[in-house]
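Below is a short report on a two-chain model, written for reading beside the sequence and the coordinates.

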Amino acid sequence: MSDQSHAPTDHDLAPGEEEQHSVGTRILGYVVGLALALLLTATSFFIAGTDLVWQPSIPVALIVLAIAQMGVHLVFFLHITTGPDNTNNVLALAFGLLVVFLVVGGTVWIMAHLNANMPPMDQIMRMQ
Amino acid sequence: MLGKLDWSAIPFDQPIPLIAGAVVLVAILAVLTWVVVKGHLPYLWSEWITSVDHKRIGVMYILLASVMLLRGGSDAIMMRIQQAVAYQSQGYLPPEHYNQIFSAHGTIMIFFVAMPFVIGLMNLIVPLQLGVRDVAFPTLNSVGFWLTATGALLVNLSLVVGEFARTGWLAFPPLSELSYSPGVGVDYYAWSLQISGVGTLVAGINLVTTVLKLRTKGMNYLRMPMFCWTTLASNLLIVAAFPILTATLAMLLLDRYLGFHFFTNEAGGNVMMFMNLIWAWGHPEVYILVLPAFGIFSEVVSTFSGKALFGYRSMVLATMAICVISFMVWLHHFFTMGAGPDVNAIFGIASMIIAIPTGVKIYNWLFTMYGGRIRFATPMLWSVGFMVTFIVGGLTGVLLAVPPADFMLHNSMFLVAHFHNVIIGGVLFGAFAGFEYWFPKAFGFRLDERWGKLAFWFTFLGFFITFVPLYIAGMLGMTRRMQHYDVAAWRPWMIVAAIGMAVLTIGVICQIVQIVVSIRNREALRDRTGDPWDGRSLEWATSSPPPVFNFAFNPDVRGEDAYWDMKARAQQQSLERDRPEYQDIEMPRNSPTGFVCAFFATIMGFALIWHIWWMVILGGLGAWATFVVFAWRDHDEYVIPAEEVAAIDRVNLEERRDLVSMAGTV
């Protein structure tokens, strides 16, 4: 199968295959990623229990921190970049996000309308 | 020791499944004995069962689908006879048996006929069309196939050991929950689909990677044959949608095995959530099946009209549009659930919108044929038959997308007729077109045209005689899944439908005869050039059947319709003169990983169904150990020496020379 990837300079490398970085740089990348991930995790735990901020803002803060955590993972561990060699990965991520948004968002919407329009299950059972 | 399994699992009091099971068992034993006595076993093991060659795996997928088509078809015949006779009587099938039959029919036809058929064709053809030597993950491919076969085996095992689900093909709770289905039927259903679902997901990942990463030199995205595009779209949908099915069934299994309450009536479970989730998979699934069929029709129509595909770019756009919109319409399967007019209206409109890209495709095919020099060979007949049939099915679909109309027709025979209209007219006709079209590529000889045309006409007419009465019965108020009925007005239509089923059966028999006749006359039907239909894409640029390495040299693609282009410029000859030196080719080694993995998965699935916990652990450990052994292998490739490549390639070039000189003049 080796002769199917034509030239090593092709913009056709899988993530992790790129060899241009030295080991040191790559380790540094992972360490920074780990530090950021730990920081974000610690902040989440701290925020959840604190009374330093306005209470209703806590869920929002947690959501923001969670999304930031995903970003850190994508950039430092899954090596998503904006480079031309990463078009497939970025498109796959976009498609995945779209599908998750459609299915989760659609489900929440459908079930909310259903609950508004239909009596709860135990009420139906009592009616019978 | 054996969990819930004892002698009462064998239905000794029911002659139909026992006799059917015995016949199948005798047939399997006869084939096995023949294989062993004739000494074919080593060949079968080393060349097919352990093969990681995408072409062989594709052929095995299609073989599995064909065998299961006969099983699912037998169920259909039994149902049509039952409804023809069960007017004010019980018919010949008791209700619990009838319920198992319609559940098994749906499950088998979707998961073990339509899915393996299209995945088989994609496996067989896509690497050839892309001009590459194999798929991205050859051994994973074999694992995927064998896990699908495991699922099929478990479903068929339920015929004689235990029972199958009586819940319909999607096992809606609360009927499928433990309180209403205490038997093993639903467990057979769920575990078969979980195991074969892993196989399908693996195949999806493999084919997406193949299309994205392994294309020959010059094969840009916008030079790919349409079948590769629809394969990409369909497999993206597999990767996105099948995890939803797996998660939903896992929740149902947790309810059944560990007393959870996801979908139960009591303790806060929500039955509606199952409908919602299963259809969030179920609607993309429809397009997973039909998109590859659209790709096949594109190839066939273009080849047999002798023209490039009309509106190639609009076709690509339509394919990708369907790929995305298919995730926005799932509620139209349960308009009647009560989500209210806002939700129903939005999903109704989305369902009508998705008909637009499909309409674009239909017009593209028609314009491809317009002004072309059309040859009505068997694959083309299936394609034209598809266009007629699918338009009817599509229009009844648009009708059902109108929520008020759907409230009248929901779960009626009209619905049954509609989805058979699109699945038979779309997917099955597509699978048959692809089968007839690519059979010479896979085996090196054509199929008999006379029997092929007979098969088409019987199937085509049989289809309408069977399903038009079902539309009418639906309009008259007949609901689906009825074991017996008392309405006199439905009776004549049920009888006509049964007659249609007989005509359809003749079509299937013609198809079997066609294969037998063709194998007998294979010398006369031999395809020596590798290009029997005057094809346009790269699969026709190699011999039939292709050598294990597909292409001696990776083809250099300079435009759409790569092979047509080469022929037109008689490039083959010039290429031959300045062909570079033949080089050694490395190919992946065959591996029993897939078969052994599936063997243990079968043991595990069976044990899970019957609650035999020690056997579950045994099967799980076995499958895991197989994976470890594979991961630690030392030699995963072997080398085909350059001389051997040269020898094989020269034979094909000799045969092809006449053809090429002719093609230059066309």
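## An exposed tyrosine and its setting

B:Tyr370 counts as exposed because it has 12 C-beta neighbours inside 10 Å. The cut-offs behind this are as follows: a residue is buried if 20 or more other C-beta atoms lie within 10 Å of its own, exposed if 12 or fewer, and partly exposed in between, with C-beta atoms placed from the backbone. B:Tyr370 sits in the loop between α11 (355-369) and α12 (378-400) of chain B. Helices (H or I, at least four residues) and strands (E, at least two) are DSSP runs, numbered from the N terminus. From B:Tyr370 to B:Ser305 the C-alpha to C-alpha distance is 8.3 Å, although 65 residues separate them in sequence.

This is a predicted model, in which local features need pLDDT of at least 70 and side-chain atom pairs count only at pLDDT 80 or more, while totals for chains, interfaces and linings use all residues. Residues are numbered from 1 along each chain as its sequence is written, and chains are lettered from A and ligands numbered from 1 in the order in which they are written.

## Chain B as a whole

Chain B has 22 helices and two strands. Of the 666 residues of chain B, 53% count as buried.

The domain assignment, which is automatic or from a database, gives two domains in chain B.

| Domain of chain B | Residues |
|---|---|
| Domain 1 | residues 285-526 |
| Domain 2 | residues 542-586 + 642-666 |

Their centres, taken over C-alpha atoms, are 36 Å apart. Seven residues of domain 1 of chain B are in contact with four residues of domain 2 of chain B. On the domain 1 side, helix α14 (residues 413-443) of chain B gives the most, with four residues.

## The nonpolar core

A nonpolar core is a set of buried Ala, Val, Leu, Ile, Met, Phe, Trp, Tyr and Cys residues joined through C-beta atoms within 7 Å. The largest one has 201 residues, of which B:Ala114, B:Val118 and B:Leu121 touch the most other members. Helix α4 (residues 95-130) of chain B contributes the most to this core, with 22 residues. Domain 1 and domain 2 of chain B each supply at least three residues to the core. Leaving aside residues up to four places away in sequence, B:Val118 touches B:Leu289, B:Pro292, B:Ala293 and B:Ala431.

## Chain A and the contact between chains

The contact takes 20 residues from chain A and 26 residues from chain B. On the chain B side, α8(B) gives the most, with four residues.

The mean pLDDT of chain A is 80, and 78% of its residues reach 70 or more. Within chain A, helix α2 (residues 57-77) has the highest confidence, at a mean of 91, and helix α4 (residues 121-127) the lowest, at 68. Over residues 1-12 of chain A, pLDDT stays under 50, and the model has 14 contacts beyond four places in sequence for them.

Key: pLDDT is the predictor's confidence in each residue, from 0 to 100. Two residues are in contact if their C-beta atoms, placed from the backbone, lie within 7 Å.
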